Structures are given as structure tokens and as C-alpha cells.
Amino acid sequence: MLSAFAAIGINQLLQRESWAREKLLPFAGKTARLAVPPAAFTLSIQADGYVRGGDGAAPDVTIIVPAGSLPEVLRDPAGATSRAEVTGDPEFAKAISYLFAHLRWDVEEDLSKVVGDVAAHRIARFGREAAQVPGRVVESLSRSMAAYLQEERGTVPTPQEVESFNREVDVLRDDVGRLEKRLNRLEPRSEAHGG
């Protein structure tokens, strides 16, 4: 069922982009399984460069994007697929990755046909902002954790403490260098008196 819906959406994109269909033509008859856990679908390439939902045939290539990467796939498909686990036909996988990187769905344009230009623009903007939420949450949690570890627990030094420590190490290094030079000047005298 998911494969059939994915095929409809992908064919909508392919209909607008003849270069993308041409890119798929050499792989007519091949099947690809794409998984972004928990979702997965299988697509077969047709002789005209369009796709159809897989019919259960063994895939020629399998691309598995790490679990929990769905927001990233929606925001940056090329970046997400660069970290994917790929098995099977390398040329077919390369063609699919190329399409992920260069084929873009103009959501706003498609929505405008259904709800009008203004509403489509607002919905698309909301979608873009919603896709950024996971990254913002992770960034905020990272800052909060760093502040907690630095200020409350004292486990991680603050940037000021690191800078102060580095200055102290520089002073100590210079002091050791001066002491070493003094000792080197004293060595010839002690050899003369001791020998």
C-alpha cells in the first residue's frame, strides 16, 4: 500500500522532470527498496522512466536511511541518503541518490492548485518551520546540557576556565624553558669544578 502511494507521488515529480525519467530509463525492469524506518517501500522502474509500486520481487538495490531520520530526509534528502546503508547494484543506487539530490517537489505549487496561492504559501512555510523543530530541540538540549555540566556539576570546564588553564600552561612552559637554559649554563661550570 505504501509503495503504491510513494509511486504516485514520485510519478507526479517525474512527470514534470523529463531529465529524471531519462536518468531512470537504463534501469527499466529493476526494483529498488527504500527504507526510512519505520517506513519502507519498493518501487519498480518502468520502460517509460516512471515507477510503480513493487510487486514483491527481490530488490536490485536496497537503501536504508538511519532510523529517526525522516525529518532530515524531508529537509535534506541528499544529506540523509549520503549516510544511508546501500546494498545491491551500485550504478542503480547512484542514479537514485542523484535523483534524491536533484529532484525537488514544489509543495507550494501543488498546494496552490487545491487551496489557493496565499494558503499554499502559509502551509508550505509552516511545513518548513516544522521540519526545523527537531534540529532546534537537539541544539537547545545540547546547550542546556553543556550549561548544566559546566555550571551546576562542574564536570565540564567553561570556555573561560579552559582559556585560563591554557594561559597558565603557557606561563609554566616558559618558566620551564628559562630554567632549562639556566641549568645548561651551570652544567659546564660543574664539570670544570668536578673533574
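**First look**

In what order do the elements of the protein run from the N terminus on? They go α-α-β-β-β-β-α-α-β-α-α-α-α, and the secondary structure comes to eight helices and five strands. Helices (H or I, at least four residues) and strands (E, at least two) are DSSP runs, numbered from the N terminus.

A word on what you're looking at: this is a predicted model, where local features need pLDDT of at least 70, side-chain atom pairs count only at pLDDT 80 or more, and totals for chains, interfaces and linings use all residues. Residues are numbered from 1 along each chain as its sequence is written, and side-chain values use heavy atoms, with hydrogens and water left out.

**The sheet**

The five strands form an open sheet in the order β3-β2-β1-β4-β5, with mixed pairing. Its edge strands are β3 and β5 (85–88), each pairing on one side only. Two strands count as paired if DSSP finds at least two bridges between them. From one strand to the next, the twist averages 20°. Angles here run from 0 to 180 degrees between N-to-C directions, with axes being lines fitted to C-alpha atoms, for helices over the stretch in contact.

Let's follow β2 (residues 39–45).

β2 and β3 (residues 51–53) pair in the antiparallel sense over three bridges. Their hairpin has five residues between the strands, and Gly49 takes a positive phi near 90° there.

**Helices on the sheet**

Helix α1 (residues 2–16) packs on the sheet and touches β2 and β3, its direction making about 55° with that of β2. Helix α5 (residues 90–102) packs on the sheet too, touching β1, β2, β4 (61–64) and β5; its direction makes about 55° with that of β1. Contact means heavy atoms within 4.5 Å.

**The whole protein**

Of the 195 residues, 23% count as buried. Among contacts between residues at least 6 apart in sequence, 58% join residues at least 24 apart. The accessible surface comes to about 13,500 Å², of which 58% belongs to carbon and sulfur atoms. Accessible areas come from the Shrake-Rupley method with a 1.4 Å probe; for residues, only the protein chains shown count as cover.

Key. Buried means under 20% relative accessible area, exposed over 50%, partly exposed in between (1.4 Å probe, protein chains only).
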